[in-house]
Amino acid sequence: MTGLNIQTPIESAEIEKILPHRYPFLLIDRVISYTLEPEITLKAIKNVSVNEPFFTGHFPGNPVMPGVLILESMAQACGVLAYLAMATAGNAGGVYYLVKIDNARFTRKVVPGDQLVLEVKQTRLMRGMGKYQAVATVNGERTASCDLMCAAG
C-alpha cells in the first residue's frame, strides 16, 4: 500500500474533493469509517432534513425521501470508497459512474429527521469497474439494499 492516510470521519468539505456532486445533489454528509483490508468497506451518513428540496413535491404533507435518491446516496458512498481504494493503490483521480443497479429493495420509509446510514462493500473489481453490495438503515432498521456496479470514467 502507498501512503494514503485519510482519517475518519471524512467531513463534507473533504467529500467534495472526492465527488463531483454539489448541493442539492450531494447526498453524503460524512464518512464515519472505511476499511481497505481485509475487506473494502465504507460507512457514511446522510442527515435527512425537512428542508431538502425534493420534499416540496414528493408527497406534500407526507414527505418521504424518494427511493431513487436513497439509491443515489448508496452509489455516492460507492464512489467515495472506489476513490479511497484506487488512491491507496496509487491510481487516484477520475470520476466513478453508476452503471448498473440490481436487486433493489425498499423496506422502510425515510422521512425528515432520519439519519440514513449507508454501508457499502466492494465485492469485485475488474477492468476499472467495481461491484458493490449496499445497505441503507435508519436506527438500525434496514430501509433499502441493492447491488451496484460503478465504472471509472
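Trainee: What relative accessibility does Asp-102 have, and how does Asp-102 count on that scale?

Mentor: Asp-102 has a relative accessibility of 33% and counts as partly exposed, where buried means under 20% relative accessible area, exposed means over 50% and partly exposed lies in between (1.4 Å probe, protein chains only). This is a predicted model, in which local features need pLDDT of at least 70 and side-chain atom pairs count only at pLDDT 80 or more, while totals for chains, interfaces and linings use all residues. Residues are numbered from 1 along each chain as its sequence is written, and side-chain values use heavy atoms, with hydrogens and water left out.

The side chain of Asp-102 meets that of Lys-100 in a salt bridge at 3.5 Å, N to O, the term standing for a side-chain nitrogen of Lys or Arg within 4 Å of a carboxyl oxygen of Asp or Glu. Lys-100 is likewise partly exposed, with a relative accessible area of 39%. Elsewhere, salt bridges that share partners join Arg-108, Asp-114 and Glu-141 into one network.

Glu-39 and Lys-121 meet through their side chains at 2.9 Å, N to O. That pair links distant parts of the chain, 82 residues apart, with Glu-39 in the loop between strand S1 (30–35) and strand S2 (40–47) and Lys-121 in strand S4 (residues 115–126); helices (H or I, at least four residues) and strands (E, at least two) are DSSP runs, numbered from the N terminus. Glu-39 is partly exposed at 40% relative accessibility, and Lys-121 is partly exposed at 28%. Lys-17 and Glu-14 form a salt bridge at 3.0 Å, N to O, and because they are three residues apart in helix H1 (residues 12–18), about one helical turn separates them. Here Lys-17 is exposed, with a relative accessible area of 62%, whereas Glu-14, at 39%, is partly exposed.

The strands come next. Strand S3 (residues 96–106) pairs with S6 in the antiparallel sense over eight bridges, pairing being assigned if DSSP finds at least two bridges between two strands. Within this part of the model, Ile-101 stands opposite Leu-148 in S6. Six strands form an open sheet in the order S1-S2-S4-S5-S6-S3, with antiparallel pairing. S1 and S3 stand at the edges, each with a single partner strand, so one side of each has no neighbour in the sheet. On average, neighbouring strands of this sheet are turned by 20° against each other, direction ignored; axes are lines fitted to C-alpha atoms, for helices over the stretch in contact, and angles run from 0 to 180 degrees between N-to-C directions.

S5 and S6 form a hairpin with two residues between them, and Asn-139 in the turn has a positive phi of about 50°. S4 and S5 pair in the antiparallel sense over nine bridges, where Gln-122 has Tyr-132 in S5 as its bridge partner. H2 packs on the sheet, touching S1, S2, S3, S4, S5 and S6, and its direction makes about 50° with that of S4.

In soluble globular proteins, nonpolar side chains tend to be buried together. In this model the largest nonpolar core has 43 residues, of which Leu-42, Met-65, Met-74, Val-80 and Leu-116 touch the most other members; such a core is a set of buried Ala, Val, Leu, Ile, Met, Phe, Trp, Tyr and Cys residues joined through side-chain atoms within 4.5 Å. Two or more residues come from each of H1, S1, S2, helix H2 (67–88), S4, strand S5 (129–138) and strand S6 (141–152), and H2 gives the largest share, 14 residues. Leaving aside neighbours within four places in sequence, Met-74 has contacts (heavy atoms within 4.5 Å) with residues including Leu-118, Val-135, Cys-146 and Leu-148.
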